[in-house]
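Here are my notes for you to read next to the structure. Have it open on your screen and follow along point by point.

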Amino acid sequence: EFHRRAGANRADEIGAPAQLVEQRLGAIEIGLGAAGNAEQLALARRARGGAGLVIVEATAALHSEQGVAATSYLQIAERAGVGAATVYRHFPTLGSLVMACGALVSEVMQPPLPEKAPAVFAGLGTRQQRLERLVAELDAFYERGATWLGIAARDRDSIPELDSFLRQVDAGVEALVREAVWTGSSEAAVRLMTALADVSVWRSL
């Protein structure tokens, strides 16, 4: 079973000092460059530039307080201590702002990635061992990211970037489940286990 561990949720780290946030954005920039993702690389570089960093921090804080769709550019500008025009200059569309903010939040959440799923279970020879690792991995992920998953889910129907992010998370969770059950399980069994591995089930336990 999933279990809740004591301690502060790592989503609170969004309020971390600017130096820590800038280091994270720098790491994101390096990773995006290596992956050849030109669009998100440009956003990461824009976010690191002076006011851009302050704007991203302010946006993440407001999203955590009142949700994504309910947060206006004017509110972000007021929280960041800049003019609304400055916010628009750095992030001309809501999608670009959500993606830049999401890059920072993803560093805190560390969602599972399909391509890394095999390494999670490397060296585990029995199904029991693999299932125990699955539970531990998902429990740790939801402990880090359940709050942000809920925030994204509320507005996924109106903001395509949020829907895309949650689809990527779902793909990562499904990849972990498939690796955990190994071969021999039916597709129906995999789908059932994936459904049971959803964050909504974790919250109910």
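1. Let's start with a question: which residues of helix 9 are buried? They are L162, D163, F165, L166, V169, G172, V173, A175, L176, V177, A180 and V181. Buried means under 20% relative accessible area, with exposed over 50% and partly exposed in between (1.4 Å probe, protein chains only). Helices here are DSSP runs (H or I, at least four residues), numbered from the N terminus.

2. A word on what you're looking at: this is a predicted model, where local features need pLDDT of at least 70, side-chain atom pairs count only at pLDDT 80 or more, and totals for chains, interfaces and linings use all residues. Residues are numbered from 1 along each chain as its sequence is written, and side-chain values use heavy atoms, leaving out hydrogens and water.

3. What covers those buried residues of helix 9? Helix 6, helix 7, helix 8 and helix 10 are among the elements that do. Just past the end of helix 9, W182 has a positive phi of about 65 degrees.

4. Now look at helix 8 beside helix 9. Their axes (lines fitted to C-alpha atoms over the stretch in contact, with angles from 0 to 180 degrees between N-to-C directions) come within 9 Å and cross at roughly 170 degrees. That makes the pair roughly antiparallel, a label for angles over 145 degrees. Contact means heavy atoms within 4.5 Å; on the helix 8 side it includes L134, L138 and Y142, and on the helix 9 side F165, V169 and L176. The contact residues split into 17 nonpolar, no polar and 4 charged. Here Ala, Val, Leu, Ile, Met, Phe, Trp, Tyr, Cys and Pro count as nonpolar, Asp, Glu, Lys and Arg as charged, and the others, Gly among them, as polar.

5. Not counting residues up to four places away in sequence, F121 touches R130, R133, L134, L176, E179 and A180.

6. Last stop: T194, in helix 10 (residues 187-196). Leaving aside neighbours within four places in sequence, T194 is in contact with E174 and V177.

Notes. Helix = DSSP H or I, 4+ residues; strand = E, 2+ residues; numbered from the N terminus. Parallel < 35°, antiparallel > 145°, perpendicular 65-115°, else oblique.
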